[in-house]
Amino acid sequence: MKKWHYPFLLLLIVGTVIILGRNRKEQDTYYTDSGFVFGTTYNITYRYSRDIEDDIKAAMLLVDGALSMFNDTSTISRINRNEDIVVTGDTMFIKVFRRAMEISSLTHGAFDVTVAPAVNAWGFGFKNSSHITDSVIDSLLQLTGYTKIREEDGRIVKDDPRIMLDCSAIAKGYGCDVVADVLRGKGIGDFLVEIGGEMVISGLNPKGGIWNIGVSQPDDDLTASSKQLNTILHLTDCAMATSGNYRNFYEKDGIKYAHTIDPHTCRPVSHSLLSATVVAQDCATADALATSFMVMGADSAVSLVKRMPEIQAYLLVATEDGIEPIDLLTVGR
């Protein structure tokens, strides 16, 4: 072969690769897989050459096996039964546990995975509510507090065997992160992973733009049928989580009880913050901080966001004039 053929051959190969890559991209389509996991719904939209729902479900089942309190065989359920197990072998559980403890320290205990007995006592957990008295609160306080648990020699050690762990305020976000990693591992760059309202967003939506994510207007509609939005965020390449008290509550004797329980008091919170939306690089962090903010209230949440340049927030607060936003976002508007 003559030497002048080599550059021509190289150009032909490069051109063929570009054309094949473009054709493959054009052949990719958006799939949406939906279902039920972690006691809630999921909706996952992604652009790829085929449906990979089986891979997505397999990943979520691994998370369920580590962190679900509704799964009797999960690592967290076994810990709650005080079985002698080495948890460091469960990389998912230990990663979430360590991150939960970091966020507990960061928020001075506003985020606390030991709050499950109090949540159950007030009727928001997986067991029936109790008649709440001061003595009940005193008993709950003995079993609540992230400083009463620790990782030691590969095990989770409790100061009291009655202490229960509940990672539900971080598990859905972590599940989103795990599914997003599955998609990225297959070279998928355009997707939205949503589990129970927590999200990881990447690339472009089916219309070729960045993703439009609505933040609900707080109201007392338990069915969420009104679907009124307070604002729409335009996001990509980030994670987002929202926590709010306005739809998960009950009334008894004329008193409204919010589902967010303050670990410091073991009582439902009572302040003006109605909704907290957090944008971060990973959804486990966004999920945990959104819950933390609902415990802390608006002023403390704003103070923490200003100390953490890696996160952003959009808070909705009840005022005498109605519902007012505190906009701490530098993206999405």
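What follows is a chat about a lysine, a helix pair, a cysteine and some salt bridges in a predicted model.

Visitor: Before we start, what kind of model is this, and how are residues numbered?
Guide: This is a predicted model, in which local features need pLDDT of at least 70 and side-chain atom pairs count only at pLDDT 80 or more, while totals for chains, interfaces and linings use all residues. Residues are numbered from 1 along each chain as its sequence is written, and side-chain values use heavy atoms, with hydrogens and water left out.

Visitor: OK, where does lysine 158 sit?
Guide: Lysine 158 belongs to strand E4, residues 155-158; helices (H or I, at least four residues) and strands (E, at least two) are DSSP runs, numbered from the N terminus.

Visitor: Is lysine 158 buried or exposed?
Guide: Lysine 158 is buried and has no salt bridge, and aspartate 160, the nearest side chain of opposite charge, is 8.0 Å away. Buried means under 20% relative accessible area, exposed over 50%, and partly exposed in between, with a 1.4 Å probe and protein chains only. A salt bridge needs a side-chain nitrogen of Lys or Arg within 4 Å of a carboxyl oxygen of Asp or Glu, and for charge Lys and Arg count as positive and Asp and Glu as negative, with His and the chain ends not counted.

Visitor: What does the side chain of lysine 158 reach, then?
Guide: The side chain of lysine 158 reaches the backbone oxygen of isoleucine 79 at 2.9 Å, and it also makes a polar contact with the side chain of asparagine 82, at 2.9 Å. A polar contact is a pair of N or O atoms within 3.5 Å; within protein, one must be able to donate a hydrogen and the other to accept it, and residues adjacent in sequence count only if both atoms are side-chain atoms.

Visitor: Changing topic, how do H2 and H7 pack?
Guide: Helix H2 (residues 53-67) and helix H7 (residues 168-185) pack at an angle of about 145°, with their axes 9 Å apart. Axes are lines fitted to C-alpha atoms, for helices over the stretch in contact, and angles run from 0 to 180 degrees between N-to-C directions.

Visitor: Which residues meet there?
Guide: Among them, Ile56, Met60 and Val63 are on the H2 side, and Tyr174, Val178 and Val182 are on the H7 side, where contact means heavy atoms within 4.5 Å.

Visitor: And cysteine 176, where is that found?
Guide: Cysteine 176 is found in helix H7 and is buried, with a relative accessible area of 0%. Leaving aside neighbours within four places in sequence, cysteine 176 is in contact with residues including Val193, Ile195, Met199 and Cys283. Cysteine 176 and isoleucine 44 are 132 residues apart in sequence, yet 9.3 Å apart in space, C-alpha to C-alpha.

Visitor: How many salt bridges does the structure hold?
Guide: The structure holds 13 salt bridges. One of them joins the side chains of glutamate 83 and arginine 78 at 2.7 Å, N to O, and Arg78, Arg81 and Glu83 are linked in a network of salt bridges.

Visitor: Why does glutamate 83 count as partly exposed?
Guide: Glutamate 83 counts as partly exposed because its relative accessibility is 31%, and arginine 78 is also partly exposed, at 31%.

Visitor: What about aspartate 181 and arginine 184?
Guide: Their side chains meet in a salt bridge at 3.2 Å, N to O, and both residues lie in helix H7, three residues apart, about one turn of the helix. Aspartate 181 is partly exposed at 46% relative accessibility, and arginine 184 is partly exposed at 44%.
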